[in-house]
Amino acid sequence: MSQPTIQIALIKGDGIGVDVTEASFAVLEAALKKTAGPRLSYNEIRAGAGYFSETGDDIEPRGEEAAGRADAIFLGAIGLPAVRHADGTEISPHLRLRDRFQLYAGVRPVRAYPNTPRRLSDPRAANIDLVILRESTEGLFYSASVHGRSEVIDNREVRDVLRITRHTSEKLHRFGFELARKRKQNGSRGILTCVDKANVFTSMAFFRQIYDETAADFPDIQTDYNYVDAQALDLIRRPWDFDVLVTENMFGDILSDLAGGLVGGMGMAACAEIGDETGLFQPAHGSAPDIMGQDRANPLAAILSGALMLEYLAQKTGEAALLDSAKLIDDVIYQGFAENRIRPAEFGGDMGTLAITRELLSSI
Ligand code: ATP
């Protein structure tokens with residue numbers, strides 16, 4: 001019987017986005033071949049700052065609709081410092097994709113791999129393995145300038161709204177508890193920490209109230225609370241104590257960069273953004289113009305984001321080989337670090353994008 005083909009909308013974007021996307025798909029295809037998984041077919045969509053400077057649009061005509069028709073969307077990175085809108089904001093079509101497809105669940109794994117730089121001297125830092133679940137459609141980003149929702153009062157005042165809805169928060173917290181449950185089945189502790197500022201903002205007290213209501217359906221998962229400022233401190237003081245953190249959009253944006261720094265750098269920061277109908281997968285880093293075109297980008301964040309995409313597609317399609325491929329990729333990366341065969345230039349090693357990709361291909 002012939003295997004189904006999975007449709008991927010592919011937005012390579014700008015700068016190192018192009019290189020790390022190509023690296024990621026070379027590894028995904030090798031893993032799928034090894035596990036006799038389904039084939040991927042691509043619909044490449046042009047978007048980003050480079051495209052904007054050529055055409056005046058940030059995404060090709062009907063690109064958003066085309067992205068919505070695929071089984072999943074993969075994005076390299078978007079943005080170039082020199083290309084901006086007149087008000088100084090960046091070219092951000094991906095924020096519109098998040099909004100259009102209501103990709104509320106931003107999943108950002110933070111894991112310490114062997115032989116990667118430790119920013120903390122405590123030996124327990126070797127055990128950091130947590131996930132930041134960042135709400136990705138509302139919160140303070142509801143007012144991101146790409147949406148044109150800011151209230152500009154003459155030239156005297158600007159108001160950006162932080163929006164929390166029951167509809168999205170219920171789905172987000174449920175996603176968080178289910179994620180904690182899935183991780184518990186694989187040996188994690190099964191704790192979901194609600195990170196908020198419920199002591200100051202009514203919106204955040206509401207966010208916590210919905211967390212509590214949802215918790216009632218998950219008696220097997222331990223509940224926990226932290227204010228966002230204390231959470232920033234605790235991510236430095238005792239990050240090994242956390243399992244899954246669920247939080248508002250802007251808090252999640254900031255904490256996930258901090259947490260990414262704890263386990264190396266942005267080149268390890270994978271990201272999935274999942275909604276009810278589709279998911280968008282992209283490394284959490286930007287286009288890194290300072291190193292573009294030099295074969296110095298670490299492709300692992302993009303490759304790990306690709307593995308998250310395969311996991312998502314396994315759940316969406318019921319194809320077990322997709323999950324096997326995701327696990328194979330995770331395993332070869334972990335083993336590659338453990339045996340010192342992966343030495344990214346980002347961490348002072350001798351391997352650029354192509355060398356890391358070749359190493360993973362040969363391990364697979
Ligand atoms: P954005 O606002 O889009 O996130 P940015 O310019 O703030 O973009 P990045 O593009 O993520 O941030 O780059 C931040 C720093 O991290 C840069 O010094 C960059 O070189 C480095 N960096 C980012 N991604 C990688 C990577 N994959 N490999 C190596 N270094 C990276």
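**Exercise 1.** Leaving aside its neighbours within four places in sequence, which residues is Pro299 in contact with? Then work out whether Pro299 is buried or exposed.

*Solution.* Some ground rules to start. Residues are numbered from 1 along each chain as its sequence is written. This is a predicted model, so local features need pLDDT of at least 70 and side-chain atom pairs count only at pLDDT 80 or more, while totals for chains, interfaces and linings use all residues.

Step 1: list the partners. Contact means C-beta atoms, placed from the backbone, within 7 Å. Pro299 touches Asp19, Val20, Ala23, Ser24, Thr353, Ile356 and Thr357 in this sense.

Step 2: count. Pro299 has 28 other C-beta atoms within 10 Å, so Pro299 is buried (20 or more is buried, 12 or fewer exposed, in between partly exposed).

**Exercise 2.** How do helix 7 and helix 8 cross, and which residues make the contact?

*Solution.* Step 1: the axes of helix 7 (residues 228-237) and helix 8 (residues 249-262) come within 10 Å and cross at roughly 10 degrees. Axes are lines fitted to C-alpha atoms over the stretch in contact, with angles from 0 to 180 degrees between N-to-C directions.

Step 1: that makes helix 7 roughly parallel to helix 8 (under 35 degrees; over 145 is roughly antiparallel, 65 to 115 roughly perpendicular, the rest oblique).

Step 2: helix 7 brings Val228, Gln231, Ala232 and Leu235, and helix 8 brings Phe251, Leu255, Leu258, Ala259 and Leu262.

Definitions and conventions: Helices (H or I, at least four residues) and strands (E, at least two) are DSSP runs, numbered from the N terminus. Two residues are in contact if their C-beta atoms, placed from the backbone, lie within 7 Å.
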